[in-house]
Each structure stands twice: as structure tokens, then as C-alpha cells.
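Please look over the model shown here and follow its strands and helices in turn. The paragraphs after it go through them.

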Amino acid sequence: MYWTNRHVLVCTSQHCQQKGAADVVGLLRLQIVRQKLDTEILVNTCGTIDLCDIGPNMVIYPDNIVYGNVKRGDLPEIIEHLKGGPVVERLLVGPDSPAELSRREVFVAALARGNPLPSSEFEAIASERGFDGAWVAEQQRRGFIARKPGADDSGETITVTKKTRDRYRVAVSS
Ligand code: FES
């Protein structure tokens, strides 16, 4: 253990793992050692940070920033940042990052119409904002929406979950 300048936490929980987090953290550690940066930068793994749909994710302190959808090929730029260079803007995730605001728009629009909504209505809201069926399916797998058969054969519904309402800071309209 050294008293390092930066601490990197790479999520290796299930969803990030499925998208290559082990490779990312393995290569990051290797590069940190090869570049003799291990007395300045500490790399640890961590459990989920609840951004499972956009992983692999890493949190960097003391910067207090999150990089999302990190690939092995992003590591040279990230290491430059860790050495004191510029933040890698295109990987930044935060409540006001453009991609996060786009996703938020979908959920705000859906919640404004009701919760639950007919699945087709939710899918149309997503599609109007550029998100396809694969994205909707990903939201379901990661627990941001739940599909249920409608009552009395009235068709399937989608409920926006509390996890989503908390992440995007949106309330259910009454
Ligand atoms: S599994 Fe990594 S953020 Fe959830």
C-alpha cells in the first residue's frame, strides 16, 4: 500500500463483467505497473455502482468522476488523465452528460403518461428519441423497467422502476 494520488475503482459486478470489465481492469493494472505508476495510482475492483446498462464503469477519486462503457482501447487516454492529463470527456458519465440526459428524457416522457404504460407506448417514446428495441431490452435486463402481462388480456405493460426514478431523479406524476 502506498499513499497514492489517485484511486480507481473498476466495477467487476455481473453486468460490467459480461461486457469485459475483467479485461479492462487487468490491462489497466498491468499498464500502471509497467509505467511505474503504482506508487501514484491505486486500482481496485468494486461491486455495482448501479449504472449497469452503460458499463464497464470506473470511478476515479479524488476527481469524483465516472467513466462509462470503458474498453481496453480507452485505457491509454485514461492513463494519461490519471497521470495529470485531461479528463476523457467522451467517456464521462454524470447526471448532466448528454447521453444520460437523452436517456432521462425517455423516462420523463414515459412517467408523464403514466406508470405502468402499455409496452408499445413506452417503445414508441423510446423510438422517437432514437432508442431501439435492443436498448429497451437492455433496460429490462438491468432492472430499469419491468414488463408485465396486462390485466384482463389488455396487453403487456412496462413499469419504470424505482431504480430508474432514483438514478434519473424523476418522480411519478400523480
Ligand atoms: S454491474 Fe457494474 S455498474 Fe452494475
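Val 66 has Val 93 in β5 as its bridge partner. This model is predicted, and the pair belongs to the place where strand β4, residues 65-67, runs antiparallel to β5, with 2 bridges between them.

An open sheet is built from 5 strands in the order β2-β1-β3-β4-β5, and its pairing is mixed. At its edges are β2, residues 41-46, and β5, residues 92-93, each of which pairs on one side only.

Helix α4 covers residues 98-113 and helix α5 covers residues 119-128. Their axes come within 9 Å and cross at roughly 145°, and the crossing of α4 past α5 is right-handed. On the α4 side the contact is made by Val 106, Ala 109, Ala 110 and Arg 113; on the α5 side it is made by Glu 121, Phe 122, Ile 125 and Ala 126. What kinds of residue make up this contact of α4 with α5? The residues divide into 6 nonpolar and 2 charged, with no polar ones.

Helix α5 also holds Glu 128. Is Glu 128 buried or exposed? Glu 128 has 11 other C-beta atoms within 10 Å, and a residue with 12 or fewer counts as exposed, so Glu 128 is exposed. Its C-alpha atom is separated by 27 Å from that of Asn 57, a residue 71 positions apart from Glu 128 along the chain.

Strand β6, residues 117-118, pairs with strand β8, residues 157-160, in the antiparallel sense through 2 bridges. Here Pro 118 stands opposite Thr 157 of β8. Strand β7, residues 145-148, is also antiparallel to β8, and 4 bridges join these two. Which residue of β8 is the bridge partner of Lys 148? The partner is Thr 157.

Definitions and conventions
Residues are numbered from 1 along each chain as its sequence is written. This is a predicted model: local features need pLDDT of at least 70, side-chain atom pairs count only at pLDDT 80 or more; totals for chains, interfaces and linings use all residues. Axes are lines fitted to C-alpha atoms, for helices over the stretch in contact, and angles run from 0 to 180 degrees between N-to-C directions. A crossing is left-handed if the near helix is turned anticlockwise from the far one by less than a right angle, and right-handed if clockwise. Two residues are in contact if their C-beta atoms, placed from the backbone, lie within 7 Å. Ala, Val, Leu, Ile, Met, Phe, Trp, Tyr, Cys and Pro count as nonpolar, Asp, Glu, Lys and Arg as charged, and the others, Gly among them, as polar. A residue is buried if 20 or more other C-beta atoms lie within 10 Å of its own, exposed if 12 or fewer, and partly exposed in between; C-beta atoms are placed from the backbone. Two strands pair if DSSP finds at least two bridges between them.
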